[in-house]
Amino acid sequence: MHHGNGTQALFEDDPRVLYVSLHRFPFYPNTGHHQECGRGAGKGYTVNVGWPEGGVGDAEYLAAFRQLILPIARSFDPQFVIISAGFDAAAGDPLGGCDLSPAGYAHMTAELLTLRGGKARCLLVLEGGYNLTSIARSAEACVRVLLGEPPLPLPPDHDPSYLLESADNAIMRTAAVHVRFWPALRQVWGSSLDPYLASIDLAQREDAARADADAAREAAALRRQEEHRELLRAQLAHQQAQLELARQQRALRHQAQAQAQQAETPGDGGDGARPPHRTMADDES
Ligand SMILES: [Zn+2]
């Protein structure tokens, strides 16, 4: 029910380990998006199926096995299969909100036992689950299969042809991510992934066009801002020039006034007489 983020982190760049997770997404811990498919040499060796909502049960899990996980696993041909056997996807679990029956778990276990012509070693590690009765019944059903018993029959209302639409789409999304890594998926899906792949291409092209348009709009806005700033700078320069002109005119006026005053008092400076105000001050004292 929860994505195995730790296990994925351990092996996501390692092509010797195929990591497969079925979990709810978005859901704690909010990793395991279907596009997380491994890194570097490990690209294609991480397979994430994220159920968008609860309510998934035997039909959805077995469809994911049939259409996606088993074709990839058969191509990979593992020596060991190690299963993080958490039973919080079981019906009755208070946290998972899903609907797997003990028989559903048993059928998945039986399918994994067929890998490598039945020679792959399977290890189930009990991990979790929050309803003790559901855990006990599911774990028992799995262990019985490990001991060689046939899996319990699926519940009478099991209908493999009816899947929750969101789950059906989730399986397809993961298959679309992995079809380029695993030719076996091409055999299962034929050309039925093509419209979806084309729609992804189209969406990516539209995204790119939108990003281009956004960038162009942003550049135009920047250009307009720059032009506006340029205009303000020109206005400022104009104002400064006008102020400077006014200052020079004032200076010239003062100079002219001073010259005119000097011209109105001839002889005052030439005969060595004291400045008139000094004389007045002497008279008053
Ligand atoms: Zn869990």
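Trainee: Why is helix 3 largely enclosed by the rest of the structure?

Mentor: Before answering, please keep in mind that this is a predicted model, in which local features need pLDDT of at least 70 and side-chain atom pairs count only at pLDDT 80 or more, while totals for chains, interfaces and linings use all residues. Residues are numbered from 1 along each chain as its sequence is written. A residue is called buried if 20 or more other C-beta atoms lie within 10 Å of its own, exposed if 12 or fewer, and partly exposed in between, with the C-beta atoms placed from the backbone; helices (H or I, at least four residues) and strands (E, at least two) are DSSP runs, numbered from the N terminus. Helix 3 is largely enclosed because the buried residues in it number eight of the eleven.

Trainee: Which elements are included in what covers the buried residues of helix 3?

Mentor: The buried residues of helix 3 include Pro102, Tyr105, Met108 and Leu112. To see what covers them we look for contacts, meaning pairs of residues whose C-beta atoms, placed from the backbone, lie within 7 Å. The cover includes helix 2, strand 3 (80-86), strand 4 (121-128) and helix 4.

Trainee: Are helix 3 and helix 4 roughly parallel or roughly antiparallel to each other?

Mentor: In this pair, residues of helix 3 including Tyr105, Ala106 and Thr109 meet residues of helix 4, among them Ala141, Cys142 and Val145. The two axes, which are lines fitted to C-alpha atoms over the stretch in contact, come within 8 Å and cross at roughly 30 degrees, where angles run from 0 to 180 degrees between N-to-C directions. Angles under 35 degrees count as roughly parallel, over 145 as roughly antiparallel, 65 to 115 as roughly perpendicular and the rest as oblique. Helix 3 and helix 4 are therefore roughly parallel.

Trainee: At what angle do helix 2 and helix 5 pack?

Mentor: Residues of helix 2, including Ala64, Leu68 and Ile72, meet residues of helix 5, among them Ile171, Ala175 and His178. The axes of helix 2 and helix 5 are 10 Å apart, and the packing angle is about 10 degrees. That makes helix 2 and helix 5 roughly parallel.

Trainee: Which residue stands opposite His23 in strand 2?

Mentor: Strand 1 is largely enclosed because six of its six residues are buried, with Tyr19, Ser21 and His23 on one side and Val20, Leu22 and Arg24 on the other. Two strands pair if DSSP finds at least two bridges between them, and six bridges join strand 1 to strand 2, with the two running parallel. Opposite His23 stands Gly50.

Trainee: Is Leu185 buried or exposed?

Mentor: Leu185 lies in helix 6 (residues 183-189). Leaving out residues up to four places away in sequence, Leu185 touches Pro71, Ala175, His178 and Val179. With 22 other C-beta atoms within 10 Å, Leu185 is buried.

Trainee: What kind of peptide bond joins Phe25 and Pro26?

Mentor: Most peptide bonds are trans. Pro26 lies in the loop between strand 1 and strand 2, and the bond joining Phe25 to Pro26 has an omega of about 0 degrees. This peptide bond is cis.

Trainee: Is Asn30 buried or exposed?

Mentor: Asn30 is placed in the loop between strand 1 and strand 2, and its phi is near 65 degrees, a positive value in a residue other than glycine. Within 10 Å there are 11 other C-beta atoms, so Asn30 is exposed.

Terms used:
Contact = placed C-beta atoms within 7 Å.
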